[in-house]
Amino acid sequence: MGKGGMSRGSGGEGNDGGEENMAAWLIGVNILKIQPFKLPPLGPRDVRVRMKAVGICGSDVHYLKHLRCADFIVKEPMVIGHECAGIIEDVGSEVKSLLPGDRVALEPGISCWRCNLCKEGRYNLCPEMKFFATPPVHGSLANQVVHPADLCFKLPENVSVEEGAMCEPLSVGVHACRRANIGPATNVLIMGAGPIGLVAMLAARAFGARRIVIVDVDESRLSVAKDIGADQVIKVSTNIQDVAEEVVLIHKVMGGRVDVTFDCAGFEKTVSTALSATSAGGKVCLVGMGHNEMSVPLTPAAAREVDVVGIFRYKNTWPLCLEFLRSGKIDVKPLITHRFGFSQKEVEEGFETSARGGNAIKVMFNL
């Protein structure tokens, strides 16, 4: 393994716990191996966290299958995983907010806090962002990690570590709702009932959305969406020729008004449907990133003053996510469909289960 430029765990000092720290390393296409992972020294504002729950994200699977995700390319072995929660083992000399034994959810991105975007509060767009399991930065599917204390959020007593790990995907939904100004008067259409479409739906409900309709090609995903709170679901095709017909159906089910559409898939067909279905003066929020380039009916949407906004990850979302979970406004537990331990065999099985899709929504490792 190369030791240059890898921000976490690239050499440094071993952990203090005596036993060897192990992690799930992405070695090559479809090759994961549990191997030793040396942690960096504990800085004055850092904490060392024993991981308890780590979820699998679509991007983790993408890296496993292709060794790349968009422009991020895995060039040397990398520890995988970024949806995580655990227990504080040790704290740096200047950490006052946390104590050993505290249960915490980890926000996985460390921004520079010096660039203009960071100073403006849009730290999720920081060009120097060091994000768990985004090459060349190591992730968190490990016994222990070292992380800045101010990116570790104490879990309320009634929130489990699994729910804490779910704050990461839920944050995407919360950030999308903020970008789209969801409120009690908003009728929301969601394209895609995968994990992100479902958390966008839960977040929109918590933000007070009046009506939420979710669209997908998969019957089983739609039945989950209905079970956890969608007002209506619509099964559609993958054929782009069907857009006009499906928009008519969407308008009928939505009662004619679509204030905000979240496209949680990001394909040519879903973006075309979103632009066509959203009412004049409404918003399309692009959440999914399925296709890099596409031809979509932008001009007709622009003529109806449909605003198009993008989102990238999230910012300042963990406190609100934890409050939604604490208060019961959001229940993420039904989304956790599969659980695995942290052995070589179970890590491989967990990723295979997630990659197959089907009835697997969120696969969780319990360490």
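Trainee: Which residues do ring pairs link into a cluster here?

Mentor: Ring pairs join Phe153, Tyr314 and Trp318 into a cluster. Before going on, note that this is a predicted model, where local features need pLDDT of at least 70, side-chain atom pairs count only at pLDDT 80 or more, and totals for chains, interfaces and linings use all residues. Residues are numbered from 1 along each chain as its sequence is written, and side-chain values use heavy atoms, with hydrogens and water left out.

Trainee: How should I read an aromatic pair, and how many aromatic pairs does a search of the whole structure find?

Mentor: In general, a pair of aromatic rings is described by the distance of the centres and the angle of the planes. Rings of Phe, Tyr and Trp (its six-membered ring) pair if their centres lie within 6.5 Å; planes under 30 degrees apart count as stacked, over 60 as edge-to-face and the rest as tilted. The search of the whole structure gives 7 aromatic pairs. Phe153 and Trp318 make a stacked pair, 6.4 Å centre to centre with 25° between the planes. Phe153 sits in strand E12 (residues 152-154) and Trp318 in helix H10 (residues 318-327), so this pair ties together parts 165 residues apart in sequence. Helices (H or I, at least four residues) and strands (E, at least two) are DSSP runs, numbered from the N terminus.

Trainee: Are Phe153 and Trp318 buried or exposed?

Mentor: Both Phe153 and Trp318 are buried. Buried means under 20% relative accessible area, exposed over 50%, and partly exposed in between (1.4 Å probe, protein chains only).

Trainee: Where does Ala70 lie?

Mentor: Ala70 lies in the loop between strand E4 (68-69) and strand E5 (72-73). Ala70 has a positive phi of about 50° although it is not a glycine, and at 52% relative accessibility Ala70 counts as exposed.

Trainee: Which residues does a cis peptide bond join?

Mentor: The cis bond joins Pro135 and Pro136, with omega about 5°. Pro136 belongs to the loop between strand E10 (130-131) and E11.

Trainee: How do I check a helix, and how many residues of H5 are buried?

Mentor: The expected span of a helix is 1.5 Å times one less than its number of residues. For the 12 residues of helix H5 (residues 195-206) that should be 16 Å, and the end C-alpha atoms are 17 Å apart, which agrees. H5 is mostly covered, with 9 of its 12 residues buried; among them are Leu198, Val199 and Met201. Just after H5, Gly208 takes a positive phi of about 95°.
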